[in-house]
Amino acid sequence: MAQGRKKQKRPLSAAAAAAQRPKSAKRKPRKDTPLAPRTIRRAAVLVAVLAPLLLVGLMALAVDPDYSALFTVIAVLVLISSLGGLMMVRAAGWVLWPGVLLGILLLALPPTTIRAEVLAHRGERTEVVVTEAHSSKDRSGRISWSCAIRRADGKPLPHPEFQGSGCSGSSSAGTTTTVLVDPDGWAPPAGTDLDLAFLHGGVYALGGLSLLWVLLVTAAARRSLRDSRAAAPA
């Protein structure tokens, strides 16, 4: 008697095979671990103190046209890092946009203010000869002039270009005028019509902006510390 053949099992379809596979347990979303109070305090102190000092210092160095682009780029990177530190101190809430506004003002104000301070304290009235005049037009269509200059006595002049009184058009070329010159060449020359008394107030504005930055970071840190104490188990 012939031995019966064993029945072969049909392969399961892909859908059935998938249904028979053990379902893996769903992964629970990871919760971000809040920063320790000590870390929040240290970050707040660093961001509150270093950010305004570095921003104002770098933009003061950017007054020199030879290094303006370099120090401006570094200052922008410092601002981005400072805003990141501010968000680490207080990840949620309203602190970011006031920080951005204060940071932009701390970038924009120092060059004009420091230049005015340098020329007010060390500027020398110097006769120069206008060699060329160049015009430029802004988006509103307003035309401004800048003039290339050389000293009338033939001595070398760092950053031989200025704007202001004595540089008002193409007819200025070949004329002699008086400008304020920094003998060390840190600040570029400026016309004698530069309102140094008005710009002198920028020093107090810089101090006020720096104080507002410190208060903003301090308020953000206190709010984060209060939230961490409230979330701590009793």
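Because the model is predicted, local features need pLDDT of at least 70 and side-chain atom pairs count only at pLDDT 80 or more, while totals for chains, interfaces and linings use all residues.

**Helix 2 with helix 3**

Select residues 37–61, which form helix 2, together with residues 68–89, which form helix 3; helices here are DSSP runs (H or I, at least four residues) and strands are runs of E of at least two, both numbered from the N terminus. The two axes come within 9 Å and cross at roughly 165°, where axes are lines fitted to C-alpha atoms, for helices over the stretch in contact, and angles run from 0 to 180 degrees between N-to-C directions. Helix 2 and helix 3 are therefore roughly antiparallel to each other (angles under 35 degrees count as roughly parallel, over 145 as roughly antiparallel, 65 to 115 as roughly perpendicular and the rest as oblique). Their crossing is left-handed, a term used if the near helix is turned anticlockwise from the far one by less than a right angle, with right-handed used if it is turned clockwise.

Next, show the side chains between them: on helix 2 the contact residues include Ile-40, Ala-43, Val-47, Leu-54 and Leu-58, and on helix 3 they include Phe-71, Ile-74, Val-78, Ser-82 and Val-89, with contact meaning heavy atoms within 4.5 Å. The residues of this contact divide into 18 nonpolar, three polar and no charged (Ala, Val, Leu, Ile, Met, Phe, Trp, Tyr, Cys and Pro count as nonpolar, Asp, Glu, Lys and Arg as charged, and the others, Gly among them, as polar).

**Helix 2 with helix 4**

Helix 2 and helix 4 pack with their axes 8 Å apart and at an angle of about 45°, which makes helix 2 oblique to helix 4. This crossing is right-handed. Pro-52, Leu-55, Val-56, Met-59 and Ala-60 supply the helix 2 side of the contact, and Leu-106, Leu-107, Pro-110, Pro-111 and Ile-114 supply the helix 4 side. By class, the contact of helix 2 with helix 4 has ten nonpolar, no polar and no charged residues.

**The salt bridges**

The model has three salt bridges, each defined as a side-chain nitrogen of Lys or Arg within 4 Å of a carboxyl oxygen of Asp or Glu. Select Arg-122 and Asp-182, whose closest N and O atoms are 3.4 Å apart. Asp-182 counts as buried at 1% relative accessibility, while Arg-122 counts as partly exposed at 32% (buried means under 20% relative accessible area, exposed over 50% and partly exposed in between, with a 1.4 Å probe and protein chains only).

Asp-184 is exposed, with a relative accessible area of 57%.

Then move to Arg-151 and Asp-153, a salt bridge with its closest N and O atoms 2.9 Å apart. Arg-151 is buried at a relative accessible area of 17%, and Asp-153 counts as partly exposed at 47%. Through shared partners, salt bridges join Arg-122, Asp-182 and Asp-184 into one network.

Select His-159, in the loop between strand 2 (143–151) and strand 3 (161–162). Its phi is near 55°, a positive value in a residue other than glycine. Most residues other than glycine have a negative phi. At 14% relative accessibility, His-159 counts as buried.

In helix 6 (residues 202–231), select Gly-202, which is buried with a relative accessible area of 9%. Leaving aside neighbours within four places in sequence, Gly-202 is in contact with Leu-109 and Thr-113. Gly-202 and Glu-117 are 9.3 Å apart in space, C-alpha to C-alpha, and 85 residues apart in sequence.

The last stop is Ser-224, also in helix 6, which counts as buried at 9% relative accessibility. With neighbours within four places in sequence set aside, Ser-224 is in contact with Ile-40, Val-89 and Arg-90.

Technical notes:
Residues are numbered from 1 along each chain as its sequence is written. Side-chain values use heavy atoms; hydrogens and water are left out.
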